[in-house]
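Let us work through some terms used for protein models.

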Amino acid sequence: MRIVLRHEKSPFTVELQKLDRSYRAVVGDIEHEVETRPLGPATTLLVVDGWAFRVHVVRSGSQRLVAVGGEVYAFVPDSGAAEGRPTTAAVATPEIKAPMPGKVLQVLVRQGDRVDPGDGLLILEAMKMENRLVAEAAGTVAEVRVREGDTVDGGQVLLVLRYD
């Protein structure tokens, strides 16, 4: 699988190949062996070439905020489809999950609705803050798995999208 991401203003490509219990990842000209061990809904133990890192990943719109070693990095899919690279839809997650436990305040879409990048999907109250979850790419709402007033767990699937 080939993924093109952008960090700050620099695009880079990650080639991933699934092995038995790990992945072969090539970034630029450098090859790495990578293992992942989920520790929670947003936390993973990432072992890269034998070095272990606790990594926290949170979605914010189309961004992936990655916290590792006391630093936070923002990545976005690079939508360079005109150059033969994957579109945002190719790397966007179809399952929209709760980033943390909370209460569904409002569901903004119904099954079958068309959405564009940035369109609101639902509003989740977590830690006394309202979090607006948005579509990362154009698509159709395939499933709505929650209703207004539902209490949800972190990592629970709230909606499923089908990308164009």
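**Labels and cut-offs**

Q: What makes the R2 and E15 pair a salt bridge?
A: Their side chains meet at 3.3 Å, N to O. A salt bridge needs a side-chain nitrogen of Lys or Arg within 4 Å of a carboxyl oxygen of Asp or Glu. The 3.3 Å value is within 4 Å, so the R2 and E15 pair counts. The pair links distant parts of the chain: R2 is in strand β1 (residues 2-7) and E15 in strand β2 (residues 10-18), 13 residues apart.

Q: What kind of model is this, and how are residues and side chains treated?
A: The model is predicted: local features need pLDDT of at least 70, side-chain atom pairs count only at pLDDT 80 or more, and totals for chains, interfaces and linings use all residues. Residues are numbered from 1 along each chain as its sequence is written, and side-chain values use heavy atoms, with hydrogens and water left out.

Q: Why is R2 called partly exposed?
A: Its relative accessibility is 37%. Buried means under 20% relative accessible area, exposed means over 50%, and partly exposed lies in between (1.4 Å probe, protein chains only). The 37% of R2 falls in between, so R2 is partly exposed. E15 has 33%, so E15 is also partly exposed.

Q: Why is T140 called buried?
A: T140 has a relative accessible area of 12%. That is under 20%, so T140 is buried.

Q: How do you know that T140 and R114 make a polar contact?
A: Their side chains are joined at 3.1 Å. A polar contact is a pair of N or O atoms within 3.5 Å; within protein, one must be able to donate a hydrogen and the other to accept it, and residues adjacent in sequence count only if both atoms are side-chain atoms.

Q: What makes β11 and β14 a pair of strands?
A: Strands (E, at least two residues) are DSSP runs, numbered from the N terminus. Two strands pair if DSSP finds at least two bridges between them. β11 and β14 have two bridges, so they pair, in the antiparallel sense. In β14, T140 is the bridge partner of R114.

Q: What makes E143 and R145 a salt bridge?
A: Their side chains meet at 3.0 Å, N to O. That is within 4 Å, so the label holds. The structure holds four salt bridges.

Conventions
Helix = DSSP H or I, 4+ residues; strand = E, 2+ residues; numbered from the N terminus.
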